[in-house]
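Work through the two exercises below with the sequence and the model open. Each task is followed by a solution in steps.

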Amino acid sequence: MSSSVNLRTIYAFAREMYPKKVTTNIEYGTAGFRTKADKLDYVMYRMGLLATLRSRVKGGQTIGVMITASHNPEPDNGVKLIDPRGEMLENSWEQLATDLANVSDKDLQSEVEKVIQTHNIDMGSASSVFVGMDNRYHSPGLLKAVSDGVLALKGNVKSFGIVTTPMLHYMVLCSNSCGAYGTPTEEGYYQKLITAFRALRGSECERGNYKNQLLFDGSNGVGARKMLQFLKRMNDELNVTVYNQGEGKINENCGADYVKIGQTLPIGTPDSEPYTRCVSIDGDADRVVYFFTDEKKKFHLLDGDRIATLYAGYLMDLVTKCEIDLKLGIVQTAYANGGSTDYIEKELKVPVACVPTGVKHLHHKALEYDIGVYFEANGHGTIVFSEHTKESVRAVADNSELNEEQIEAAKKLLSTIEVINETVGDAISDMFLVEIILQSNGWDVKDWYNTYTDLPNLQKKICVANRNIITTTDAERKVVTPEGLQNGIDEIVAKYPRGRSFVRPSGTEDIVRVYAEAATNEDVEHLVAEVSQLVYGLAGGIGPELNSTANGLPN
Ligand code: NG1
Ligand code: ZN
């Protein structure tokens, strides 16, 4: 190991600038590290160290560090590392991240040395770390801490300032693909998406029932700013009114999570005609949901399941027209509405897989298909295309001897690959593709909404002494421990037509989540109450049950 870095700097920096004052341990979970912003300085510094080590392990490829607490409230912040292909950090390194975050300042140097030795890292070798942040007021201070961590190991750090989470994922992949994925700049990102959007949308803005009018709730987050940047460059091709642009607190009474969980309009929604398309994204713009109100002002949600099915229908049509044999699949989690799963299996006739909650699980499963569409019901998702798919589609598009329709479909598919952010769910890119498809189908929200009916469903949060006594299997759909809980759930569920319920410990909050769906609103209320009662008793419930949240129920 050549070491051109004086590792004692690690402790000196930690002691002087980023001392660990917190004694409780923190865990790198599905959302990276996430907690109150004032407890994160030392974690950020240490993640700067880790990102530099990871970059050197990966032969100097760029690693991303995104500072955000996504849909969480303003006082929170968090950090996530991005791997070279723009993907979430590899599993085994999640444990290293947890270990590094929890050692004392004094042991920090030896923990770093351990990583260097285990991975045989040449500390004199090249490295590159990209850092980005959301628009919380404490993010710049945390970004400085990450940068100092990189500098302590004599790494190279580049700050992108305020960017959406998916933009930083994009930058990382662009940098590591030597520009093949796109230009690793903010302008490069806008131009890539706008060019593909234009190619697919053509000059016709309105078609059939599709109207070029959209209300966009930016959740007072970074996505609002970036949407405005897109619009500046887009000459009315998309008529978007952006609200919750940053005048209020991030995610407060607005944003995709608020809309999905509360089944309600975000604050500040402008008055509009019934059936006007409305979009809501979250604070770091990696989730998107659609919604509208009808003539009776009743709220209707079009969530991640709806977006996935819309995409799958469109892609199948293009693939068929291209006459290429490609395997398309949809990946969901247990939270996907049973109505959507039925529709995928019976109407679309597309294979559907169910994986545990957490984007990385969905992403990895989706990579098994030639074209993998994945979405969490909460609106996080994207499409991944295999190299084989890209090559075969390109071959059709370039073969002038084939018929026009076939070539046209292949060209459209190529532009679809360009408009989508393959690295991670991207609210704005996802929204562009939804708009393209609705326009291409000549659909308004009613047409989209009528493709299938969601089963009424409810979620509850239960406080228990130790949520980890609940363990699950079968993509979280069955409980393993505590004993008797699954049998109890089965007995309750059997009483309700189309009933389904599952229980799992949250990965991001200290609670247990109970999900239920059933044929009627009344049934689902009883079902979720009965299962919650059972969980409360068998898993050691404490305190009052927290808020219950409704999907598919009348307001
Ligand atoms: P947990 O808290 O593990 O349920 C939540 C979301 C996930 C995912 C993560 C990461 C639900 C039910 N769960 O996880 O889908 O988005 O946060 O942010 O929406
Ligand atoms: Zn997010």
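**Exercise 1: Val 103**

Val 103 sits in the loop that links helix H3 (91–102) to helix H4 (105–118); helices (H or I, at least four residues) and strands (E, at least two) are DSSP runs, numbered from the N terminus. The model is predicted, so local features need pLDDT of at least 70 and side-chain atom pairs count only at pLDDT 80 or more, while totals for chains, interfaces and linings use all residues. Residues are numbered from 1 along each chain as its sequence is written, and side-chain values use heavy atoms, without hydrogens and water.

Task: decide whether Val 103 is buried or exposed, and list what Val 103 is in contact with beyond its neighbours within four places in sequence.

Solution. 
1. The relative accessible area of Val 103 is 14%.
2. Buried means under 20%, exposed over 50% and partly exposed in between (1.4 Å probe, protein chains only), so Val 103 is buried.
3. With contact taken as heavy atoms within 4.5 Å, the partners are Lys 20, Arg 46, Leu 108 and Glu 111.

**Exercise 2: domain 2 and domain 3**

Solution. 
1. An automatic or database domain assignment sets the bounds: domain 2 is 188–203 + 211–302 and domain 3 is 304–449.
2. Arg 277 and Glu 435 form a salt bridge through their side chains, at 2.8 Å, N to O.

Technical notes. Chains are lettered from A and ligands numbered from 1 in the order in which they are written. A salt bridge is a side-chain nitrogen of Lys or Arg within 4 Å of a carboxyl oxygen of Asp or Glu.
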